[in-house]
Amino acid sequence: MDASTVTFVISALKLVGYGLGAIGPGIGIGIACYGCCVATARQPELQGRLFTDFIIGAAMAEALALIGFVLTFIL
Amino acid sequence: MNALETLAADVPNLKQSFDPTIVFGGLTQYTLWMIIIFAIVCIVVLTAARKVTLVPTSKFVNMVEYGYEFVRQDMGENAIGRGYEKHMSFLATLFFFILIANFIGLIPGCKTPTGSLSVTWALAAISFVYFNYYGIKTHGGWGYIKSIAPSGLPIALVPIIWFFEMLSLLLRVLTLAVRLYGNMFAGHMVLGIFALATSVFIGTAIQNMDLVVSLPSIGWFALLLCMYALETLFAFIQAYVFTILSAVYIGLASAEH
């Protein structure tokens, strides 16, 4: 393999790694959103608090995907 | 030349148009737009503040007051809780700045400053310094360091939990910055690619005098409109998320146990 092929494979593998890293947060945010919707349907008067908690939880799950996004640039 | 080949050849140009370029002096286009947005926010809020009355009569003042009410209710009362009043000026400034910065990028020809990593790093750093300052002010230096680990843990677990909490505290500045940047940059890139595809297919059709080639551009244009609607939503959501996370971090840092 010559040098340009190696660079290409490495840059492609970075994207694959980011894609793999986005799976977990995607599932996590999906579950959090499901819980928020169900809880709001059961108790609509708590909507404000539940949505805030959902945003916090989603932000924490999303942090992993964002770290992966940064790693594609700096590695 | 094939339409798809032209599209592939034009994508690097599109990517290059996102790079910061010097407009005049030492200003890149992102810095220039940041200053313009700063001016817009100042003008809008100061004009509204000058005309403020007990019962708002003008539509303009009502609009700005609605925005402020929204920040106070959703971010102040819900996320910070008791003692939120003194943080309101910071949160409202942050929210209005990011909101207008995100929306201005949707106007063709304007550049969104939040689509550049330097601007979002600066915003995240301001927020990071702010909540740490209030944490130290509430608990004192050593008390704040201790309060990072939640109270009521078994003594053996405290160092481990403290380490992870500290890591997540330090990662907050990174996630705040990269979330805003990633959403704005990727959104505008997608809009750019769809717009490019629309024009390339029409251009190829005109060049080859073949009307059938231009048909996919109808689909691309429909997709572009859908993405525009989605980006309008995202411009608001990202401003909201950035501000509410800042509010939550302030609330966590300055909470009294």
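Two residues are in contact here if their C-beta atoms, placed from the backbone, lie within 7 Å. The model is predicted, so local features need pLDDT of at least 70 and side-chain atom pairs count only at pLDDT 80 or more, while totals for chains, interfaces and linings use all residues. Residues are numbered from 1 along each chain as its sequence is written, and chains are lettered from A and ligands numbered from 1 in the order in which they are written.

**View 1. Ile244(B) and its neighbours.** Leaving aside residues up to four places away in sequence, Ile244(B) touches Thr52(A) and Ile55(A), plus Asp74(B), Met75(B) and Ala79(B).

**View 2. The largest nonpolar core.** A nonpolar core is a set of buried Ala, Val, Leu, Ile, Met, Phe, Trp, Tyr and Cys residues joined through C-beta atoms within 7 Å. Buried means 20 or more other C-beta atoms within 10 Å of the residue's own, exposed means 12 or fewer, and partly exposed is in between, with C-beta atoms placed from the backbone. The largest core has 43 residues, and Phe95(B), Ile98(B), Phe242(B), Ile244(B), Leu245(B) and Ala247(B) have the most contacts inside it. Among the helices that each supply at least two residues of this core are H2 (47-74) of chain A and, in chain B, H7 (158-208) and H8 (216-253). Helices (H or I, at least four residues) and strands (E, at least two) are DSSP runs, numbered from the N terminus. H8(B) gives the most to this core, with 11 residues. There's also a second, separate core of 6 residues, including Ala3(B), Val200(B), Phe201(B) and Trp220(B).

**View 3. Where chain A meets chain B.** Here 11 residues of chain A are in contact with 13 residues of chain B. The chain A side that touches chain B divides into 7 nonpolar, 2 polar and 2 charged residues. For these classes, Ala, Val, Leu, Ile, Met, Phe, Trp, Tyr, Cys and Pro count as nonpolar, Asp, Glu, Lys and Arg as charged, and the others, Gly among them, as polar.

**View 4. H2(A) against H7(B).** These two helices pack at an angle of about 75 degrees, with their axes 9 Å apart. Axes are lines fitted to C-alpha atoms, for helices over the stretch in contact, and angles run from 0 to 180 degrees between N-to-C directions. H2(A) and H7(B) are therefore roughly perpendicular to each other; angles of 65 to 115 degrees count as that, under 35 as roughly parallel, over 145 as roughly antiparallel and the rest as oblique. Look for Leu66(A) and Phe69(A) among the H2(A) residues that meet H7(B), where Leu171(B) and Val178(B) are among the partners.

**View 5. H3(B) alongside H8(B).** This pair packs at an angle of about 30 degrees, with axes 8 Å apart. That makes H3(B) roughly parallel to H8(B). On the H3(B) side, Val71(B) and Ile80(B) are among the residues taking part, and the H8(B) side includes Thr243(B) and Val248(B). The contact has 8 nonpolar, 3 polar and 1 charged residues.

View 6. Gly203(B) lies in helix H7 of chain B and is partly exposed, with 17 other C-beta atoms within 10 Å. Gly203(B) and Ala3(B) are 200 residues apart in sequence, and 8.4 Å apart in space, C-alpha to C-alpha. Thr57(B) sits in the loop between H2 and H3 of chain B, and it counts as exposed, with 9 C-beta neighbours inside 10 Å.
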